[in-house]
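Please read it alongside the sequence and the structure shown here.

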Amino acid sequence: MSAGSGDTLTMDVPEDAGLRHWLSRFNPAAKLLAALILALGLVPSADPVTGGVVLAGTAALVPFSGTDRRTLLVLGLPFLLMGGSTLLVNLLYGDQGAEGALGAAVRVLAIALPGLLAAVSSDPTDLSDGLVQRLKVPERPAMGVLAALRLVPLLAHQWRTITLARRARGLAARGNPVRAVRLFFGRLFSLLVRSVRTGTLLATAMDARAFGTGPRSRARRSRWGRRDTLLLAAAPVLLLCAYGVSCSTGTLVLLWTGTA
Amino acid sequence: MADVRLSGWGWRHAGRSEYALRGVDLRIDAGERVLLLGASGAGKSTLLHALAGLTGPDGAISGEQEGTLLVEGRPADRRRGTVGLVSQDPDSQLVMARAGDDVAFGPENLGVDPDRIWPRVARALNAVGFPYDHRRSTGALSGGEKQRLVVAGAMAMRPRLLLLDEPTANLDPEGAALVRGVLQRLSAETEATLVLVEHRVAEVVDLVDRVVVLEPGGGVVADGPPARIFDRHGAELAERGVWVPGREPEPSVAPAPGGAPVLAAEGVSARTPGGLGMRGDGRRTVLEDVHLEARSGTATALVGANGSGKSTLLTLLAGLDRPHRGAVVPRGPLAEADRRPLYRWPARRLARNVGTVFQHAEDQFVTASVREELALGPRVSGLPPARVGAGVDELLQRLRLEHLADVHPYTLSGGEKRRLSVATALGSGPANAPCVLALDEPTFGQDTRTWRELVDLLAALRAGGSAVLMATHDPLLQHRFTDVRVRVGGAGVHVDEGRTT
């Protein structure tokens, strides 16, 4: 649960929110960049220790992300599954043994967690501002994505109505799996049609407000403070520590030496 | 203030063979307030979109134009800050997640100096009486509040031409009153030229000093001050579907036979559906221990503000969803079909005995053509194909949809969609009408013609012994065709017996 009156698309963190929301005080662009540095930095390593140190270092930030464990688990589930399946596949078919498999799995998680934290601790609007103003992401697609995000709760509502409507019209799978699949895709298609329609209306409304007629000005400034620079600097430091630990304990395996 | 000149103007939407409008000659001087009227399909929205510069080569709407359309002496392309547009549906007009950011969106697009944007935002929010902080989430607003925000977003662009396309059509009466109040105040303050489209003339007639009547596929057929237009053309306009004050439709409704209860809600509680599981969207109780009966041959109206739970109650009474607690159980003739609570009925049995009409007709449609749509009900009730075909032909004729039998239901006009959606809820046809018919805002946004047809049809069903349940805001529907009024609010219901006046 976030503090304040935020819902899915806004995050209100009061000034005195304290350490629990410490991570949300950084510029989203800084968080994303730091996550990117960690991810790229981990690519060469294939051992569990290097990835493990980064994973531990990032996991230590979880209590300061302002996110409850349930949300983090729900959002992290795909990555956990990915890590788990990486482990399994490498164990069964890999030529690196258990250690190599564990290394691959830990690396997946260590690459995913920083990005996930950056996302859940940022307000979507601030994130888009940060991407556009700090990372020079093209503005049109960024605004488009932000506007489309508003439609997600509408679509959830839409899906519910479509489901009820099938029952009202007498359509049900009645235990027949083929019919169940057909019904599901029918509903999906209805949702698609509706979302395209809503999207078109929204695009028209944006056009009517002079979107894309010329250079825009920016009402909000994406602020970059000293702490953001420090966060950026902390990422390579964490990587150095990780490689230092695995090197000194003799466990470091690099991707190319591993396969050699 | 901007002036508008149209001469011999016409527009044909891409992929259509007929012109939406043709041969329009119209001159609107700077600062005038004009109401555009016409039957549905007369191209009023198209004209507004063209004035907003949304048609044409770079615009969002493609098609073919003829003649000339000039705003301030130049073709209406989206010239910066000239035009503001407010459309019907607030949900598809808000762009940003926070109220203030959304109002700032227009000025940003115009390249207004950032230091000047926030004072503009504050002034616009103030002008529409926005009751919250500018950091308020737009998702947390009611329909009327959202639409006020949309108006603020248009005003913050300081338009010289303000276009309003049925701005209150999608709102409940409270929300509509809020927005109307804002428009009253704005029209007194702003000097912008105002062009307005609205079916419900009474709502806006004091905002305008001129009425222009358009003909479908044609041009201007009447033009002048409101009093004169309604005096001379009122009857004709009402006949064509426009809601003219004092000329509301008066269908001759067959009396309600009344009858025994067919449906009863017993201690029903309901909660809002959970969110997406993000940040713990809370589930709210909307109905608590509701007891209610629906009688055959009786029209029951569920009334109450948006969010009061009347749509939820209707969904439960129609057996589409499972209540959080309690049950909706069949009584009398309906219990002969199945004695279990309605949510446990198989979908086919439910569709045969309890019909549901959704607020948005499109939600109702599950096939790719009008004919299939009408055949589905009889087919799932197990009628032989020959009888299905004959029944469908008869329905098509009754609905005046024969010429559209093979088109996709989504491509029908608003009134046609409504007629079809009601027909699809009648199970295997009006001859075997369902025991209960539940309708969510059936008259919403309809012109007088569809309104009258709908009430005629519902009255016939009621006379035949069906229980008609309607969630509705429409005061005229409550006035002309309601036997029992159920006020929903504060998680409970209050029943007023007897016809409301």
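## Helix, interface and cores

Helix α1 of chain B, which spans residues 44-51, is mostly covered, since seven of its eight residues are buried. The model discussed here is a predicted one. The buried residues of α1(B) are K44(B), T46(B), L47(B), L48(B), H49(B), A50(B) and L51(B). Just after α1(B), the backbone at G53(B) adopts a positive phi of about 75°.

The contact between the two chains draws 62 residues from chain B and 53 residues from chain A. On the side of chain B that touches chain A, at least two residues each are supplied by α2 (99-109), α3 (114-127), α9 (347-353), α10 (361-364) and α11 (370-380) of chain B. The largest share of that side, six residues, comes from α2(B). By residue class, the side of chain B that touches chain A divides as follows.

| Class | Residues of chain B |
|---|---|
| Nonpolar | 30 residues |
| Polar | 18 residues |

In soluble globular proteins, nonpolar side chains tend to be buried together. The largest nonpolar core here has 92 residues, and those with the most contacts inside it are L36(B), L51(B), V103(B), V151(B), A152(B), L163(B) and L196(B). L51(B), one of these, is also among the buried residues of α1(B). Leaving aside residues up to four places away in sequence, L196(B) touches V34(B), L35(B), L36(B), L164(B), V204(B), L207(B) and V208(B). A second, separate core comprises 73 residues, including L263(B), L401(B), A425(B) and A459(B).

Technical notes:
Residues numbered from 1 in each chain as written. Chains lettered and ligands numbered in written order. Predicted model: local features only at pLDDT ≥ 70, side-chain atom pairs only at ≥ 80, totals over all residues. Buried ≥ 20, exposed ≤ 12 C-beta atoms within 10 Å, placed from the backbone. Helix = DSSP H or I, 4+ residues; strand = E, 2+ residues; numbered from the N terminus. Contact = placed C-beta atoms within 7 Å. Nonpolar A, V, L, I, M, F, W, Y, C, P; charged D, E, K, R; others polar. Core = buried A, V, L, I, M, F, W, Y, C linked by C-beta atoms within 7 Å.
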